[in-house]
Amino acid sequence: MTDLEMTDVQGIVLWGYGDKPDSAYVLLEIIDVSAAKAWLARTEFTHAGKDQYPDVRINIAFTYHGLEKLGVPDATLSGFSLEFQDGMVSPQRSRMLGDVYEVAPSTWSWGAATDGGADRADPSLHAILLVYADDAAVLAAAVEQHGSELETCGFRVRVLDHAKTLAGRKEHFGFRDGIAQPVVRGARTGSEGNTIEPGEIVLGYENGYAKKPSSPRLGDEDFGKNGSYLVFRQLEQDVPAFWSFVVQKAAELYGATDPVRLAAKMVGRWPSGAPLVAAPDRDDPTLEDKDDFGYRQSDPAGLRCPFGSHIRRTNPRDWLLGEDAGASQNLSKLHRIVRRGRPYGAAIDPELDISKMLDAIADGSANGGRRGLHFLCFQANISRQFEFIQSTWVDNPKFAELYDGADPVIGRHRPPGGGLGEASFTVQTDPLNKRVTGLERFVRVQGGAYFFMPGVRALRRLAE
Ligand code: N7H
């Protein structure tokens, strides 16, 4: 087993803190560098060793500008990956991530520079503090306490909408989330097909190419060791638009009102979480956490789980490369991420009961209200992992030889009537495929940034 230094990795990289349903994300600007360093030096951040598991858990990550502000030398800064140095916002990166037109960084509420242009990452966003607690009251008290301490210690503070795990661990469209997660070798054990090398997520260890990811050095030390890159995107979900679209298209497609079937085809799992490959005809809550499946054997033609569905394209598992299931599995494993996202905003129905959600959407009482997903993921290589998934799989209309369809749930689609033909979602069906046209954008990015979450020792060096 790989010797992962668990007590030097910040906890949220390797554990989901599922026992802490409430979380807060605090954006920080460093104003007074020496006061900020003093705060860093005396604050205890939660590590991944189970011997230190405090009631309120806190972790911290920095942007490139944040590390620069703390005085990290140029030679070290240049050892970080180029995408991290660039940040999430640049004209080229925005095109690649689909952050254009109505979701261009100029429309975001945080993460893009505000002094003209908005075509670069906000240089005053330096760090993010992640706080996890047992309930909303404990969280609010912890954020209040940390917030006021931070303000007196040389930081400017901005708190994003608090996140809360919803009933049944569902996201706002009504589907169970946080099921599929790679096992990081050395941290836990799991099936070989679902296990990735530690260097896929944590710097300082071998990755899937049997190489250590490049890592910044500070003098003689591996400064990046036990750190991980964090991608944070605030993704607003238009739940009424999603379900209104699905209700209308399902009626056209199936000749009956069975909207949940079409929505499940779009996601690749039923609302309970049961995967379509294992439960092709109806939801089966006994399979809610089932994750030991592939597509090659059970569903090579996509008749159960469509090729273009959200989960099949974000992790094609053993299927993408023709007959060779092993090679496909290995390829997919090079593009995995550890997801740590959580929903924010009030759910349309507290139980996420879809028939109640549909009633509320139909009678208009569900309109309004901001809700979405604070999408967070960890990886050792932002370009090969998050950016690849987003640009080559999610937003690619030709994914898996499809004709014209990006991810039907979170993808970027051409507006209907745009002159180039309508974006579509294909439901593989025997004998004739069904095609859903006129896809809309149901998920919009509101802000985001690339961070680096250092190991605990490196945090101490930062405080010096
Ligand atoms: Fe996705 N959703 O409700 O449809 N996602 N996702 N995601 N997602 C997954 O397996 C959702 C987003 C992945 O290994 C499930 O945990 C929503 C982004 C990956 O089988 C559901 C949003 C990216 C997987 C959703 C959103 C990904 C995954 C099934 C935004 C990466 C695992 C539950 C608002 C760029 C696939 C589960 C696998 C699963 C939803 C965003 C990636 C229900 C609503 C931006 C890798």
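Everything here comes from a predicted model, where local features need pLDDT of at least 70, side-chain atom pairs count only at pLDDT 80 or more, and totals for chains, interfaces and linings use all residues. Residues are numbered from 1 along each chain as its sequence is written, and side-chain values use heavy atoms, leaving out hydrogens and water.

Helix α7 itself runs over residues 136–152 (helices are DSSP runs of H or I with at least four residues, strands runs of E with at least two, numbered from the N terminus). Its 17 residues reach 24 Å from first C-alpha to last, close to the 24 Å expected at 1.5 Å a residue (1.5 Å times one less than the number of residues). Leu139, Ala142, Val143, His146, Gly147 and Leu150 are its buried residues (buried is under 20% relative accessible area, exposed over 50%, partly exposed in between, with a 1.4 Å probe and protein chains only). Seen down the axis of α7, these fall within an arc of 130 degrees, so they line one face of the helix (the arc is taken from the directions from the helix axis to the C-beta atoms). Turned away from that buried side are the exposed Ala137, Glu144 and Thr152. Just past the helix, Gly154 has a positive phi of about 85 degrees.

Elsewhere, Arg340 turns up in the loop between β11 (338–339) and β12 (342–344). The side chain of Arg340 reaches the backbone oxygen of Leu14 at 3.3 Å (polar contacts are pairs of N or O atoms within 3.5 Å; within protein, one must be able to donate a hydrogen and the other to accept it, and residues adjacent in sequence count only if both atoms are side-chain atoms). The backbone oxygen of Trp15 likewise lies 3.3 Å from a polar atom of the Arg340 side chain.
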